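User: Please take a close look at one side chain here and the part that holds it. Then follow the charged groups and the loop features through the rest of the chain, with cut-offs for each term.

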Amino acid sequence: MAQMPKSDVKSDTEGRWFEYALGIEVKVSRMGNPAFQTHIRNLAKRRARGVTQEDMTKSAVAHTIVTDWKNLSDDNDEAVPYSAEKCLEFFHDPDYYDFYRWVLSVAGDEDEWGIDVDAGNSSTS
C-alpha cells in the first residue's frame, strides 16, 4: 500500500524557471492553477462583444502563468522588465507566436508537472 502522492501546489502556482531560447529564462506556473481559473472566470463575467476565447486565454496566461523572465533584451540591447502587459503584447504579436505556444506547452506538460511515480511525489526542478 502507498499514500496518495501530493501535488506541489507552491510550484504549480508560483512557477518554476525554464529556459526558453538564447539564454532567456521564463518563470512558468502550471496551466489551470487556481489563479488562472479565477482570472478566466472573471474575464468571462465581463466578456465584451468581440472578445474571443483565445483573447481571454492569452490574458489569463500572461497574468497568471508567466510570472517573470530573465535575460530578455530589446533591439537596443536594453533589459526588458517583466510585466503581464508586456507578456500579453508578445502573445498578440504574430512575430512571437512561438513564445506563446512554448508557454502553453510547458505550462500544460503533465510530465513536467505531474506525479513522479518512481519517487511517489510531485516532480520538481
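Analyst: **Lys58 and the charged groups**

Lys58 sits in helix α3. Helices (H or I, at least four residues) and strands (E, at least two) are DSSP runs, numbered from the N terminus. This is a predicted model: local features need pLDDT of at least 70, side-chain atom pairs count only at pLDDT 80 or more, while totals for chains, interfaces and linings use all residues. Residues are numbered from 1 along each chain as its sequence is written, and side-chain values use heavy atoms, leaving out hydrogens and water.

Is Lys58 buried or exposed? Lys58 counts as buried, at 8% relative accessibility. Buried means under 20% relative accessible area, exposed means over 50%, and partly exposed lies in between (1.4 Å probe, protein chains only). Accessible areas come from the Shrake-Rupley method with a 1.4 Å probe, and for residues only the protein chains shown count as cover. Ile40 is 18 residues from Lys58 in sequence; the C-alpha to C-alpha separation of the two is 9.9 Å.

Which residue forms a salt bridge with Lys58? The partner is Glu54, with the closest N and O atoms 3.4 Å apart. A salt bridge is a side-chain nitrogen of Lys or Arg within 4 Å of a carboxyl oxygen of Asp or Glu. Helix α3 spans residues 53-64, and Glu54 and Lys58 are four residues apart in it, a separation of about one helical turn. In general, side chains of opposite charge can pair when their charged atoms come close.

**Other pairs**

The count of salt bridges comes to six. One of them joins Arg16 to Glu112, with 2.6 Å between the closest N and O atoms. Arg16 belongs to strand β1 (residues 16-21) and Glu112 to helix α6 (residues 110-113), so this pair ties together parts 96 residues apart in sequence. Arg16 is buried, with a relative accessible area of 7%. Glu112 is partly exposed, at 26%.

Helix α4 holds another pair. The side chains of Glu89 and Lys86 meet in a salt bridge at 3.3 Å, N to O. Both residues lie in helix α4, three residues apart, about one turn of the helix. Glu89 is partly exposed, with a relative accessible area of 47%. Lys86 is also partly exposed, with 26% as its relative accessible area. Elsewhere, salt bridges that share partners join Asp12, Arg30 and Glu110 into one network.

Next comes Arg101, in helix α5 (residues 97-108). Its side chain makes a polar contact with the side chain of Asp98, at 3.4 Å. A polar contact is a pair of N or O atoms within 3.5 Å; within protein, one must be able to donate a hydrogen and the other to accept it, and residues adjacent in sequence count only if both atoms are side-chain atoms. Arg101 is partly exposed, with a relative accessible area of 45%. Phe91 is 10 residues from Arg101 in sequence, and their C-alpha atoms are 8.9 Å apart.

Negative charge gathers on the surface in a patch of Asp74, Asp75, Asp77 and Glu78. Patches are made of residues with over 30% relative accessible area and no salt bridge; like charges are joined within 9 Å, and nonpolar side chains (Val, Leu, Ile, Met, Phe, Trp, Tyr) within 5 Å. Lys and Arg count as positive and Asp and Glu as negative; His and the chain ends are not counted. The place of a charge is taken as NZ of Lys, CZ of Arg, CG of Asp or CD of Glu.

Asp74 is found in the loop between β3 (66-70) and α4 (84-92). At 35% relative accessibility, Asp74 is partly exposed. Asp77 lies in the loop between β3 and α4 and counts as exposed, at 63%. Asp77 also has a positive phi of about 65°, although it is not a glycine. Most residues other than glycine have a negative phi, and most peptide bonds are trans. Asn71, in the loop between β3 and α4, has a positive phi near 65°. Asn71 is exposed, with a relative accessible area of 51%.

**The whole chain**

The protein chain comes to six helices and five strands. Along the sequence the pattern is α-β-β-α-α-β-α-α-α-β-β. Of its 125 residues, 34% count as buried.
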